Amino acid sequence: QVELVESGGELVQTGGSLKLSCVATTNTFFKMVMGWFRQAPGKEREFVAALNWSGSDTVYADSVKGRFTISRDNAKNMVYLQMNSLKPEDTAVYYCAADTDRRSLATRSRLLSEYNYWGQGTQVTVSW
């Protein structure tokens, strides 16, 4: 069983930055692929970014590439999402997710179905 708790979401102006955090309560955090997803009102949940067990391999959605950075600290059981140059279309609830069956990224790491644990989400609102 893995519990994930996100934090860091808030209201920010266009062009601003935020850093989201997610803490995992498990002693096998270092073995997991971790991901961030988001869901805007009236839209389906979508992939944002993911990284492998060590943080050496990352993948991003095209919409955030070059603006967002995913990272992890296995000593602290933490995964982060640094978001820069925020746009109103980044407004969403952001979810941290864990794929406990995989250490390395795969093409399927962009799929919601690959993740078996989810946090409760944190709201990010980007104003004009």
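Q: What makes a residue count as buried?
A: Buried means under 20% relative accessible area, exposed means over 50%, and partly exposed lies in between, with a 1.4 Å probe and protein chains only. By that criterion F37 is buried, and F47 is buried as well. This is a predicted model, in which local features need pLDDT of at least 70 and side-chain atom pairs count only at pLDDT 80 or more, while totals for chains, interfaces and linings use all residues. Residues are numbered from 1 along each chain as its sequence is written, and side-chain values use heavy atoms, with hydrogens and water left out.

Q: Why does F37 count as buried?
A: The relative accessibility of F37 is 0%, and therefore F37 counts as buried.

Q: Why is the pair of F37 and Y115 called edge-to-face?
A: Rings of Phe, Tyr and Trp (its six-membered ring) pair if their centres lie within 6.5 Å; planes under 30 degrees apart count as stacked, over 60 as edge-to-face and the rest as tilted. The ring centres of F37 and Y115 are 5.1 Å apart and their planes stand at 75 degrees, so the pair is edge-to-face. F37 belongs to strand 4 and Y115 to the loop between strand 9 and strand 10 (117-118), so this pair ties together parts that are 78 residues apart in sequence. With 5% relative accessibility, Y115 also counts as buried.

Q: How many aromatic pairs does the structure hold?
A: There are four aromatic pairs. One of them joins F37 and F47, edge-to-face, at 5.6 Å centre to centre with 75 degrees between the planes. F37 is in strand 4 (residues 33-39) and F47 in strand 5 (residues 46-51), so the pair ties together parts ten residues apart in sequence. Strands (E, at least two residues) and helices (H or I, at least four) are DSSP runs, numbered from the N terminus. Ring pairs link F37, F47, Y115 and W118 into a cluster.

Q: Which residue lies over the face of Y95?
A: R45 does, at 3.6 Å from the ring centre. A charge sits over a ring if NZ of Lys or CZ of Arg is within 6 Å of the ring centre and within 35 degrees of the ring normal. K19 lies over the face of Y80, at 4.5 Å from the ring centre.

Q: Why is D90 called buried?
A: D90 has a relative accessible area of 1%, and so D90 is buried. D90 is located in the loop between strand 8 and strand 9 (92-99). Its side chain makes a polar contact with the side chain of R38 at 2.9 Å. Such a contact is a pair of N or O atoms within 3.5 Å; within protein, one must be able to donate a hydrogen and the other to accept it, and residues adjacent in sequence count only if both atoms are side-chain atoms.

Q: What makes strand 3 and strand 8 a pair?
A: Two strands pair if DSSP finds at least two bridges between them. Strand 3 (residues 18-25) and strand 8 (residues 78-83) pair in the antiparallel sense over six bridges. The bridge partner of L20 in strand 8 is L81. Strand 1 and strand 3 run antiparallel and are joined by five bridges, with L4 opposite A24 in strand 3. The open sheet of four strands has the order 1-3-8-7, with antiparallel pairing.
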